[in-house]
Amino acid sequence: LDTCHIHDAGYDLSNFDEILNEFDRIIGLEYLKAIHLNDSKNPLGAHKDRHEVLGGGYIGLKAIEYIINHPKIRNLPIYLETPNELDGYKEEIALLKEMRK
């Protein structure tokens, strides 16, 4: 599940519970194996694929924090897919560790 892709497809990540319920109903949560975590350079429903650094786009840190702490996906691997360099990834990983409850 890629956060930028679903945002750009028109799914509002502030309704992440509804997104997971729909995913479960159509595909099944047991088939969800990982999260590709990134922000989006595009507004909701732009139908593009332009990843952004965490907190630098339209998804925002509040939604990202909710996603990484969601009990239904808490144990899934999270892969950063942000346009970054090593120092930027280091900062994002530290930020995610701070946000993780």
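This is a tour of one predicted protein chain, stop by stop, with what to select at each.

Residues are numbered from 1 along each chain as its sequence is written, and side-chain values use heavy atoms, with hydrogens and water left out. Because the model is predicted, local features need pLDDT of at least 70 and side-chain atom pairs count only at pLDDT 80 or more, while totals for chains, interfaces and linings use all residues.

**Confidence**

Colour the chain by pLDDT, the predictor's confidence in each residue, from 0 to 100. The mean for the protein chain is 96, and 100% of its residues reach 70 or more. Helices (H or I, at least four residues) and strands (E, at least two) are DSSP runs, numbered from the N terminus.

Select Ser 40, in strand β2. At 0% relative accessibility Ser 40 counts as buried; buried means under 20% relative accessible area, exposed over 50%, and partly exposed in between (1.4 Å probe, protein chains only). The side chain of Ser 40 makes a polar contact with the side chain of Asp 8 at 2.6 Å. A polar contact is a pair of N or O atoms within 3.5 Å; within protein, one must be able to donate a hydrogen and the other to accept it, and residues adjacent in sequence count only if both atoms are side-chain atoms.

Next, select Asn 42, in the loop between β2 (39-40) and β3 (51-52). Asn 42 is buried, at 8% relative accessibility. Its side chain also has a polar contact with the side chain of Asp 8, at 2.8 Å. Not counting residues up to four places away in sequence, Asn 42 touches residues including His 7, Lys 48 and Tyr 58, where contact means heavy atoms within 4.5 Å. With that same exclusion, the residues touched by Ser 40 include Cys 4, His 7, Arg 50 and Tyr 58.

**Ala 9 and His 47**

Move to Ala 9, in the loop between α1 (3-8) and α2. Ala 9 is partly exposed, at 41% relative accessibility. Setting aside residues up to four places away in sequence, Ala 9 touches Gly 45 and His 47. Select His 47, in the loop between β2 and β3. His 47 is exposed, with a relative accessible area of 63%, and has a positive phi of about 55 degrees although it is not a glycine.

**Leu 76**

Select Leu 76, in the loop between α3 (61-68) and β4. Leu 76 and Ile 35 are 41 residues apart in sequence and 7.0 Å apart in space, C-alpha to C-alpha. Apart from neighbours within four places in sequence, Leu 76 is in contact with Leu 32, Lys 33, Ala 34 and Ile 35.

**The salt bridge**

Lys 101 lies in the segment after α4 (86-99) and Glu 65 in helix α3, so the pair ties together parts that are 36 residues apart in sequence. Lys 101 is exposed at 69% relative accessibility, whereas Glu 65 is partly exposed at 26%. The count comes to one salt bridge, defined as a side-chain nitrogen of Lys or Arg within 4 Å of a carboxyl oxygen of Asp or Glu.
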